[in-house]
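The sequence and the structure are shown first, and the description follows.

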Amino acid sequence: MSQPSPQPTEPVVCSAKGCRASASYAVVWNNPKIHAPDREKVWTACEQHRDSLADFVRRRGFLLRVDPL
């Protein structure tokens, strides 16, 4: 019988510089020049910074998807 994964004890915080808001999204990306194709990097984002963080990696061709947390 498998054990359930423990839930984080601290809230997930937005990855935007200087933001301390709770994150609601995962901006999933990969830089193919330095990461293996199956590697996924994740920035967490609040509602206010979701689009700006996603646009930052999208402009570079790195964005894979944006998932709700």
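## Overall organisation

In this predicted model, residues 24 or more positions apart account for 51% of the contacts in the protein with a separation of 6 or more. The protein contains one helix and three strands, and their order along the sequence is β-β-α-β.

Of the 69 residues in the protein, 29% are buried. The accessible surface comes to about 5300 Å², and carbon and sulfur atoms contribute 52% of that surface.

## The nonpolar core

In soluble globular proteins, nonpolar side chains tend to be buried together. Here the largest nonpolar core consists of 12 residues. Its members are Cys-14, Ala-16, Cys-19, Tyr-25, Val-27, Trp-29, Ala-45, Cys-46, Leu-53, Ala-54, Val-57 and Phe-62. Strand β1 (25-29) and helix α1 (50-59) each supply at least two residues of this core.

## Cysteines without disulfides

A disulfide is a covalent bond between the sulfur atoms of two cysteines. The structure holds zero disulfides. For Cys-19, the closest cysteine sulfur is that of Cys-46, at 3.9 Å; because a disulfide requires sulfur atoms within 2.5 Å, this distance is too far for a bond. Cys-46 is likewise in no disulfide, and the cysteine sulfur nearest to Cys-46 belongs to Cys-14, 3.8 Å away.

Cys-19 is buried, with a relative accessible area of 10%, and Cys-46 is buried at 5%. Leaving aside residues up to four places away in sequence, Cys-19 touches Val-13, Cys-14, Cys-46 and His-49.

## Aromatic pairs

A pair of aromatic rings is described by the distance of the centres and the angle of the planes. Three aromatic pairs are found in the whole structure. One of them joins Trp-29 and Phe-62 in a stacked arrangement, with 6.2 Å from centre to centre and 20 degrees between the planes. Trp-29 belongs to strand β1, whereas Phe-62 lies in the loop between α1 and β3 (63-68), so the pair ties together parts that are 33 residues apart in sequence. Both partners are buried: Trp-29 has a relative accessible area of 11%, and Phe-62 has 18% relative accessibility.

Trp-43 and Phe-56 form a tilted pair, because their ring centres are 5.9 Å apart and their planes stand at 40 degrees. Trp-43 is in strand β2 (residues 41-45) and Phe-56 in helix α1, so this pair connects parts that are 13 residues apart in sequence. Trp-43 is partly exposed, with a relative accessible area of 24%, and Phe-56 is also partly exposed, at 35%. Trp-29, Trp-43, Phe-56 and Phe-62 form one aromatic cluster.

## Charges over rings

Two arginines are placed over aromatic rings. The charged end of Arg-60 sits over the ring of Phe-56, 3.7 Å from the ring centre. Arg-50 lies over the face of Tyr-25, at 4.6 Å from the ring centre; Tyr-25 is also listed in the nonpolar core.

## A buried histidine

Where is His-35 placed in the chain? His-35 belongs to the loop between β1 and β2. This histidine is buried, with a relative accessible area of 12%. When residues up to four places away in sequence are not counted, His-35 touches Trp-29, Asn-30 and Lys-41. Of these contacts, Trp-29 is a member of the nonpolar core and of the aromatic cluster.

Terms used. Residues numbered from 1 in each chain as written. Predicted model: local features only at pLDDT ≥ 70, side-chain atom pairs only at ≥ 80, totals over all residues. Heavy atoms only, no water. Core = buried A, V, L, I, M, F, W, Y, C linked by side-chain atoms within 4.5 Å. Buried < 20%, exposed > 50% of the residue type's maximum accessible area, 1.4 Å probe, protein only. Helix = DSSP H or I, 4+ residues; strand = E, 2+ residues; numbered from the N terminus. Contact = heavy atoms within 4.5 Å. Phe/Tyr/Trp six-rings, centres within 6.5 Å; stacked < 30°, edge-to-face > 60°. Lys NZ or Arg CZ within 6 Å of the ring centre and 35° of its normal. Areas by Shrake-Rupley, 256 points an atom, 1.4 Å probe, with all protein chains shown as cover.
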